[in-house]
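I opened a new page for this chain today.

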Amino acid sequence: VVEEQRPVTPPKYQVREPPYLHSRFMEQMAERERQREEDLRRREQEEEDSRVAELEKPPPDELWGYRLHAWALVRPGPGRDDVEEPFFLEPATGFRHDIAYPGYHRVESVWNHVNYWVNVQQRAAAADTCEGTDFDLVDLGKWEHFLAGEPAEWRRGPDPDSRADLLDEEPAEDEEVLAEKHLDMPASWVPRLDVQHAVYEKRYPGCSKTIFYKKAKVEKFAPYLNKDGLVKRVTVYSDYEHAQPLSLTEHYENRADCLERIKKVLVDGSATDYFRRGREDACKEHQYIVAENSLDSPRTLRFYDVARNDGLEQLEMDAEHLTETFRGRNDHLQHRRVHFLGPDTEDLASGKRRPILKITEKFERNAELDADRDIAEREFLLNDNKILLKFHYGMGKLTAATREFTKPARVDRGRWLNFSADLVTSYEAGGKPMKQVELLMLLQEQLEAEEKTMYHVRQIEDELSNFLRMRVVEVAMPRLQVSLFDEERNEKAKKGLREREQRLLEEEAREVEAEVDFLAPYMARLGNPDSLSSTQALAMRDDCLSDFKRQYVNRAQQMQNRFETEKERLQELNRWYEENQERLAPEQEDNYFEETRKLDFLLHTLQIRLERHRDLAPQRYLALEACLRADPRLSILY
């Protein structure tokens, strides 16, 4: 059934478009003026470019086009399927150039290990490059060979119709070719180049080279020549006399701190350090002001976020703010901005912390939660003693739900939080309102999140401070890495490797692997008899298995007791810190953080050992039982 489409009638009442209250004449005049200014700027730029090009034009060369030079020609042929068109290679630089490159005016001759060819092609009077030259060396009308008796595949005349297809000729005709060949290409007048690795590592005469360009200078150095690993320095100038530098780029190799490049802008004093992967802090870039090296000076750090546990991608710091950008976190946090009270040089010099005024966090959408329960933005107003929450927008909603909590006093934050409706101000965007229990739990979560965030901010400040101190040491005393395969420089590593191999060989020669006798103590109790009765064998097997079980249980109990002891110690340390947090000196706080870090690592290690001990118990018991079953002294039982 085909439904007939009815014509759509326009509605009777429609909203009129607002009137256009601008002068079209004035707009045309403004556009004309803008176009005139743009044309004027373009003409001025073209005139300036022409003037600069005229000034940079080299002086007339009387020997232009008369100098002789030798370079390499690469032609298409067998074994060179990737070469479709002939091209040149400049041996002095190693660069590739097309046939029309203006640096080459004419090719007079070509030679290789087979023959020598002279170019007999007529050159156009206005031609100033090799463009138009045919490099088909088998064409005798364009190239004249010098030696007779060349291979048969080269014997073709200029007329395609008169060229003999010698590729299908009989092998006997090669004797005629060899009979005509009375000369050979002379051998090379230089011996085969043999460059030692130590000489090759020098790269340049004197291990360094300086090249001047237009408004630029490039300095190249051999690896390991400079103690800081500098291999290249590029300086850009504002004048042609190379007197006023604008920027400086330094390239490094073999640095232990993974430094690859430093780019400095000399005009504003800024610098950017670039690092490769491998640093413990996973730093990728560090942008800063060279003259300012304090904690509150403006700087930006970028990290390899996949190499960090917290997913930190970028960190920006100045006197009053700290901004973090995250990626790929499980809690969907993507942005955090911390507002400080302001710079105080005396407090920073004495080691005091900058007071925090506000912390703002932004989260990505979590598809597993409802929009009115998924936090989009969170603010901790420490001075106002408030917590502001803004949730994500729901589908089809123009507004989002918000919560404003007033934090209760610390005396009311015991084991059970004293909560009242006066502590929260809510706005619902059409969703289901929260119950008082849910608000209580939400407030408790935010208070815990505030403490964790404050702790994290202080950790980031400590990490940044340690990073700056480490960079000062790395710049003042740079260390270079030496590859294990570097025979010239890694004598110490080679010597150590040889000593280690010799030591292992000696240990292997000394050691004699002996089998473990599980029944030796039980046999000693019986006086090491030659044979056992069935009763003795059964009792010995049961005693061995029961002793193994008892020892395994005792070891697990010891590890569990150690874990509980260290856990209680960590809890006591945390309670002490909460009670004395406001009165602690920076050194005491650093000692607390270091001690908690060690305890966390120890607890994690004990937990892994305990789990592994429990997982391997059945396997080891079965292995012991199989060993006893295979013992010939207990063969009477099986």
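My entries on this chain follow, and I note at the start that the model is predicted.

**Entry 1**

I began with the salt bridges. The count comes to 41. I picked a few pairs to look at one by one.

My opening pair was Glu-31 and Arg-34. They form a salt bridge, and the closest N and O atoms are 2.4 Å apart. I looked up where they sit. Both belong to helix 1, which covers residues 24-56. They are three residues apart, about one turn of the helix.

Then I asked about cover. Glu-31 has a relative accessible area of 39%, so I logged Glu-31 as partly exposed. Arg-34 has 40%, so Arg-34 is also down as partly exposed.

Next I took Glu-461 and Arg-353. This salt bridge has its closest N and O atoms 3.6 Å apart. Which parts does the pair tie together? Glu-461 is in helix 5, while Arg-353 is in the loop between helix 4 (345-349) and strand 18 (356-363). The pair therefore ties together parts that are 108 residues apart in sequence.

The two partners got separate notes on cover. Glu-461 is buried, because its relative accessible area is 3% and the cut-off for buried is under 20%. Arg-353 is partly exposed, with 27%.

**Entry 1: a salt bridge between two strands**

I moved on to Arg-378 and Glu-361. They form a salt bridge with the closest N and O atoms 2.6 Å apart. Arg-378 lies in strand 19, residues 375-381, and Glu-361 lies in strand 18. The pair thus ties together parts 17 residues apart in sequence.

Buried or exposed, I asked of Arg-378? Arg-378 is buried, at 10% relative accessible area. Glu-361 is buried as well, and its value is 0%.

**Entry 2: a negative patch**

I then turned to surface charge. Which residues form the negative surface patch? They are Glu-445, Glu-448, Glu-451, Glu-578 and Glu-579. Two elements give two or more residues to this patch: helix 5 (436-476) and helix 8 (534-580). Helix 5 gives the most, with three residues.

I checked one member more closely. Glu-445 lies in helix 5. Its relative accessibility is 45%, so Glu-445 counts as partly exposed.

I found an open sheet of three strands in the order 1-2-3, with antiparallel pairing. Which strands are at the edges? Strand 1 (72-74) and strand 3 (96-97) are the edge strands, and each pairs on one side only.

I followed one pairing in detail. Strand 2, residues 87-89, is joined to strand 3 by two bridges, and these strands run antiparallel. Leu-89 has Arg-96 of strand 3 as its bridge partner.

A reminder to myself: strands of a sheet pair through backbone hydrogen bonds, either parallel or antiparallel.

**Entry 3: a hairpin**

I looked at strand 7 (residues 208-213) and strand 8 (residues 216-221). They run antiparallel, and six bridges join them. Thr-210 has Glu-219 in strand 8 as its bridge partner. The hairpin has two residues between the strands. Lys-215 takes a positive phi near 60° in this hairpin.

**Entry 4: positive phi in loops**

Arg-203 has a phi near 70°, a positive value in a residue other than glycine. Where is Arg-203 found? Arg-203 is in the loop between helix 3 (197-202) and strand 7. Its relative accessible area is 44%, so I logged Arg-203 as partly exposed.

His-332 is not a glycine either, yet it has a positive phi of about 65°. His-332 lies in the loop between strand 16 (321-326) and strand 17 (333-340). At 23% relative accessibility, His-332 counts as partly exposed.

How values were computed. Residues numbered from 1 in each chain as written. Predicted model: local features only at pLDDT ≥ 70, side-chain atom pairs only at ≥ 80, totals over all residues. Heavy atoms only, no water. Patch = residues over 30% accessible without salt bridge, like charges linked within 9 Å, V, L, I, M, F, W, Y side chains within 5 Å. Areas by Shrake-Rupley, 256 points an atom, 1.4 Å probe, with all protein chains shown as cover. Salt bridge = Lys/Arg side-chain N within 4 Å of Asp/Glu carboxyl O. Lys, Arg positive; Asp, Glu negative; His and termini not counted. Charge placed at Lys NZ, Arg CZ, Asp CG, Glu CD. Helix = DSSP H or I, 4+ residues; strand = E, 2+ residues; numbered from the N terminus. Buried < 20%, exposed > 50% of the residue type's maximum accessible area, 1.4 Å probe, protein only. Pairing = 2+ DSSP bridges.
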